[in-house]
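Dear colleague,

Here is the structure I promised to pass on, together with my notes on helix packing, strand pairing and aromatic rings. Please read them with the model open beside you.

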Amino acid sequence: MKSTVQDKQKIGQFIAEVRELKGFTQSAFARALKTSQSAVARMEKGQQNLTTEMLAKISSVLNHEIITLADKSVNFKIQGGRKLFGRVSVNTSKNAAVALLCASLLNKGKTVFKNVPKIEEVYRIIEVLSSIGASVKWQGSDVEIQTPKSISINKIDKEAAVKTRSVLMLLGPLAHLLGNFNLPLAGGCKLGERTVRPHLFALEKLGVKIQTHHDHYAVTSAKLKPAEVVLYEMGDTVTENVLMAAAKISGTTTIKLASSNYMVQDLCHFLQGLGVKIEGVGTPTLKVHGKPHINQRAEFYLSEDPIEAMLFLSLAATTKSAITIERCPIDFLELELLKLEKMGFKYKIVKRYQSRNGVTNLVDIKTFPSKLTALEEKIHPQTSNAGINIDNLPFFVPIATQAKGTTLIHDWVYENRAIYYMELTKLRAEVILADAHRVYIEGPTELRSAEVICPPALRPAAIILIAMLAARGTSILRNVYSINRGYENLVQRLQKLGAKIEIIY
């Protein structure tokens, strides 16, 4: 189904409204897009076809993801069953980006983040920061942030805030800027009862009192103090929240059972660049020596995303393709690669080097068509980088459909995520749901095309896309907002690998 005249008019009207809101004339907008004013006029009247490349360019210029206009009507059309080829480069981390954007509020000076992914989750946090008074500017792929002299918390963009769970990480930074404030309840992926109690218990130790109401958190932070904090659970966002709160509290705060995941380490390195001394980075115990006054120009390169690297590894294994995946953060993929190796997946590390941040170890991985065998042991995640990453676990599901034998996937962290794996049965995968946390997958299976509605969760949505790329025939994946939340220009990048995929309305 191609976009209709009505769709084009709706998109054009939306572009015009955002352009005017951002203070662009048609001629200035045309210059920024490197096109003519008459072309802009045709776009806004719905008289011109818009390619995905042009939509991405418009989104970048306006700092607003235009394609989200159709949260419930943007779809992918995929002609699957093709071998992929070529090279793809891993982008920087979405999960690191959203935490760092929140952490920018700790710095009174100007903060520049380099190579920020242009994705839904990032746009939502930027909209929230802008709404409370921060100056946020895109400069190519970089984001420049200036914290305001006073925070206008009453003007917070509630619509943007409730779309992302990442807004929860504003609790720590705002505790230093406001004595009393309300924050909208966090949203994001629907993966069951994702409790916020660990955040509340931990921040309470530092003097932040939080009451949960039906649509907001009521926060009081009059007397902040250092403490020894044992986390109620080893979570990424709770570790980040406590790190940000502790960063400006005079004295030493010890965080025990801290996550050592990639996004937490990125945040630690950023805070260290601001002069905050942190001991134990990459371990379960962090000692934070707070720095009450932070006012400097800061620049920080984000690390590459191991979860995106795993998406392409899963795609290569599931479609039996020979591709080269560049800029893979190897320290956060080692166990995943070992499990794949023991399943028969063939690959070669062809280059080793460091990220632009001078910290993250990167490799280029060349994959080869492989005959896979199911592991005898269950595949399950850990809450630290000592095991398979929680967000990488789903990518073993499409792989398992192509492995001989029975694979047990145990997704014990989330109540509902394993249920979404059953969507692959629509593509004729043999998946049996044992309970809300465990699925058995029988392989190898010849996947077939189907029409599927995207689940409201990023990784389960992504694995359906992978399975569709492996499935013979033409598939439709509907309502792809979940995927746009976490992956930048994914359609174009897949097309460069030879995938037959397009956006339709």
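H5 passes H11 in a right-handed crossing, a crossing being right-handed if the near helix is turned clockwise from the far one by less than a right angle, and left-handed if anticlockwise. Helix H5 (residues 94-103) and helix H11 (residues 262-273) pack at an angle of about 35 degrees with their axes 8 Å apart, where axes are lines fitted to C-alpha atoms over the stretch in contact and angles run from 0 to 180 degrees between N-to-C directions. H5 contributes Asn 95, Ala 96, Leu 100 and Ala 103 to the contact, and H11 contributes Tyr 262, Met 263, Asp 266, Leu 267 and Phe 270, contact meaning heavy atoms within 4.5 Å.

This is a predicted model, in which local features need pLDDT of at least 70 and side-chain atom pairs count only at pLDDT 80 or more, while totals for chains, interfaces and linings use all residues. Residues are numbered from 1 along each chain as its sequence is written, and side-chain values use heavy atoms, with hydrogens and water left out. Helices (H or I, at least four residues) and strands (E, at least two) are DSSP runs numbered from the N terminus.

Phe 113 is buried at 0% relative accessibility, and Phe 270 is buried at 2%, where buried means under 20% relative accessible area, exposed over 50% and partly exposed in between, with a 1.4 Å probe and protein chains only. Ring pairs link Phe 113, Phe 270 and Phe 300 into a cluster.

Strand E10 (residues 252-256) pairs with E12 in the antiparallel sense over 5 bridges, strands being paired if DSSP finds at least two bridges between them, and Leu 286 is the bridge partner of Ile 255. Strand E11 (residues 277-279) and E12 are likewise antiparallel, over 3 bridges.

With kind regards

Technical notes
Phe/Tyr/Trp six-rings, centres within 6.5 Å; stacked < 30°, edge-to-face > 60°.
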